[in-house]
Amino acid sequence: PRDRQHRLLDLFTQHNARIERLIGIDYAPATYQRYRTTLYHLRRYPQQRGQEDLPVEEIDGPFVNDFDYYLRTERQCNNNTTVKYLRNLHKIILQALRQGWITQDPFIHYQGRKKTVDRPYLDQAELDALTEKTFPIPRLAQIRDIFLFACYTGLAYIDVAQLTPEHLSRHVDGSWWIRTQRQKTKTPSLIPVLPQAQTLIDRYRDHPEALAQGTLLPVKSNQKTNAYLKEIADLCGITKKLTFHVARHTFATTVTLSNGVPIETVSAMLGHRSIQTTQHYARIVQRKAGEDMKALEEKLARKSPPAGQIKKLS
């Protein structure tokens, strides 16, 4: 009989158990959840039915391509989600390859590629509407404030949730900065505390939840936060799907790049390992500028006489 440790699902289960123990140390909860979901789909993959597990050495190119097809059709996953799941599977395969349990990478001819998608963000009018809205329910105001803090710092949910007062440092000129490390990429981030963010820090300085958690801000769970953000968006008349990550996109586009902050500076504050990741936001800003100028051109055309009718100065 084959050794259980050389079987795909068993290897994946062991891998996920290690990831779970490293949550908050090397991995975010969302990363662990993605690996769990990949394993969930693998267990239900038709080629696995009727068999408790597959020996990892039997995973070949057709298996990989058919799993890709299964995710897109039976599970109705979009392209980028499918590619993410296949990358998770590839990690397990590479471990087997390094251990010498297999001699060839079955992914060598896999052609799956992530497609660039537009990342939703709030424009200035939407950001103002969110800021100025008065909420009668305290929990909604609190969630809104934590979201706005992310809009003005560019931090992801897990990074905001893990912030403590110790992450604040004072510059020689008296300004406050956030010194932290991105949970996702382990890259350092040095972010100036803008006045809007400072106001929110001051507002929640003595909040019971933050004091109990030892954190800078009273952050609720990611699931609750995103559920409340949907309600907040409705109350503010924002039609975009509002999730916490929209705040990070808003910082990159509306708050920084649109206001002339150099892309290299934005990339460093976001903790991107490559400036190419940040360039996607720059393209969004450029496209928005083009749309705004086109709208201005049409507005001027309605108000002004045709160019041929403009009188010359005598």
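The accessible surface of the protein comes to about 18,100 Å², and carbon and sulfur atoms account for 52% of that area. The model is a predicted one. Of the protein's 314 residues, 43% count as buried. The chain forms 13 helices and three strands. Contacts can also be sorted by how far apart the partners are in sequence. Among contacts between residues at least 6 apart, 63% join residues at least 24 apart.

One part of the surface can be described by its side chains. Met293, Leu296 and Leu300 make a nonpolar surface patch of about 280 Å². Leu300 is found in helix α13, which covers residues 275-303.

Charged side chains come next. The structure holds eight salt bridges. In one of them, the side chains of Glu126 and Lys240 meet, with 2.8 Å from N to O. Are the two partners buried or exposed? Glu126 is buried, at 16% relative accessible area, while Lys240 is partly exposed, at 29%. Lys240 also has an aromatic neighbour: Lys240 lies over the face of Tyr121, at 5.2 Å from the ring centre.

A second salt bridge joins Glu231 and Arg139, whose closest N and O atoms are 3.6 Å apart. This pair, too, links distant parts of the chain, since Glu231 sits in helix α10 and Arg139 in helix α6 (residues 138-151), 92 residues apart. Glu231 is partly exposed, with a relative accessible area of 30%. Arg139 is partly exposed as well, with a value of 28%.

The side chains of Arg205 and Asp202 form another salt bridge, with an N to O distance of 2.3 Å. Arg205 has a relative accessibility of 45% and counts as partly exposed. Asp202, at 40%, is also partly exposed. Salt bridges can share residues, and here a network of them links Arg144, Asp145 and Arg203.

The aromatic side chains form pairs of their own. A pair of aromatic rings is described by the distance of the centres and the angle of the planes. The count comes to eight aromatic pairs. One of these is made by Tyr157 and Phe244, with 5.5 Å from centre to centre and 85 degrees between the planes. Why is this pair called edge-to-face? The angle of 85 degrees is over 60, so the pair counts as edge-to-face.

Tyr157 belongs to helix α7 (residues 157-161) and Phe244 to the loop between α10 and α11, so the pair links distant parts of the chain, 87 residues apart. Tyr157 is buried, with a relative accessible area of 16%, and Phe244 is buried at 3%. Both values are under 20%, which means that they meet the cut-off for buried. Elsewhere, ring pairs link Tyr45, Phe63, Phe67 and Tyr70 into a cluster.

Definitions and conventions: Residues numbered from 1 in each chain as written. Predicted model: local features only at pLDDT ≥ 70, side-chain atom pairs only at ≥ 80, totals over all residues. Heavy atoms only, no water. Salt bridge = Lys/Arg side-chain N within 4 Å of Asp/Glu carboxyl O. Buried < 20%, exposed > 50% of the residue type's maximum accessible area, 1.4 Å probe, protein only. Helix = DSSP H or I, 4+ residues; strand = E, 2+ residues; numbered from the N terminus. Phe/Tyr/Trp six-rings, centres within 6.5 Å; stacked < 30°, edge-to-face > 60°. Lys NZ or Arg CZ within 6 Å of the ring centre and 35° of its normal. Patch = residues over 30% accessible without salt bridge, like charges linked within 9 Å, V, L, I, M, F, W, Y side chains within 5 Å. Areas by Shrake-Rupley, 256 points an atom, 1.4 Å probe, with all protein chains shown as cover. Contact = heavy atoms within 4.5 Å.
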